[in-house]
Amino acid sequence: MAEGSENKGKPLMLVAVDDSEHSFYALEWTLDHFFAHGTNHPFKLIVIHARNSASSALGVAGFGSVDFMTSLEADMKKSTCKTVQKAKDVCTSKKVEDVEVEVMEGDPRNVMCDAVDKHHASLLVVGSHGYGLVKRAVLGSVSDYCAHHVKCSVMIVKKPTKP
C-alpha cells in the first residue's frame with residue numbers, strides 16, 4: 001500500500017486505530033463514506049496506530065525483571081503487528097490500496113496530536129468507545145482529548161448500539 005500520484009495536492013485524513021472493534025468500525029465507516037468511489041476520493045489517507053512502550057504499559061519505567069520486560073515488549077510488538085495487518089486487510093477488502101499505515105510510539109492522545117502536526121492533516125478520524133461520564137473521567141478519552149487539542153477538525157465515529 002503506497003501513496004499514489006493521484007493523492008498529490010489532496011488534503012490529508014488520518015484515521016486512528018487500536019485493537020478495539022470501535023476503532024475498526026470507524027475505519028470501515030470512513031472507507032465506506034469517503035473512499036468508496038475508486039481512486040477518485042477526496043483525501044490522501046494515513047492510518048495511524050499508537051503503540052505504547054512496555055514501560056508505559058506498566059506505568060513505571062524499569063519495573064519487573066529483564067525477562068518479563070522482554071516478554072512484554074515482544075507481546076506488544078505482536079499486538080501492534082496484528083493491528084496493523086488488520087487495518088491493511090480492512091483497506092484491501094474495501095479496495096482502498098493507496099493508503100499508508102504508520103505506527104508511532106507513545107500515549108495515543110499525544111501520538112494523534114503529533115501525527116496531525118507531522119502530516120499537516122486536515123481531518124482526524126477516531127472511534128468512540130461510548131464510555132459514560134464517569135468512565136471517561138477515570139480512564140480518559142482519546143477522542144475527547146483529540147477534539148480539544150489537535151490542530152485540525154476531528155470526526156468521532158460512534159458504533160451504533162444494538163436495540
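Ser23 touches Ala16, Val17 and Asp18, leaving aside residues up to four places away in sequence; a contact means heavy atoms within 4.5 Å. The model is predicted: local features need pLDDT of at least 70, side-chain atom pairs count only at pLDDT 80 or more, and totals for chains, interfaces and linings use all residues. Residues are numbered from 1 along each chain as its sequence is written, and side-chain values use heavy atoms, with hydrogens and water left out.

**Ser23**
- Ser23 sits in helix 1 (residues 21-34). Helices (H or I, at least four residues) and strands (E, at least two) are DSSP runs, numbered from the N terminus.
- Ser23 counts as buried because its relative accessibility is 5%. Buried means under 20% relative accessible area, exposed over 50%, partly exposed in between (1.4 Å probe, protein chains only).

- An open sheet holds 5 parallel strands in the order 3-2-1-4-5. Strands pair if DSSP finds at least two bridges between them.
- Strand 3 (99-105) and strand 5 (153-158) are at the edges with a single partner strand each, so one side of each has no neighbour in the sheet.
- On average, neighbouring strands of this sheet are turned by 25° against each other, direction ignored.
- Strand 4 (residues 123-128) pairs with strand 5 in the parallel sense over 6 bridges.
- Val125 has Met155 in strand 5 as its bridge partner.

**Confidence**
- The chain has a mean pLDDT of 83, and 77% of its residues reach 70 or more. pLDDT is the predictor's confidence in each residue, from 0 to 100.
- Among the chain's elements, strand 1 (residues 12-17) has the highest mean pLDDT (97) and helix 5 (residues 133-139) the lowest (51).

Notes. Axes fitted to C-alpha atoms, helices over the stretch in contact; angles between N-to-C directions.
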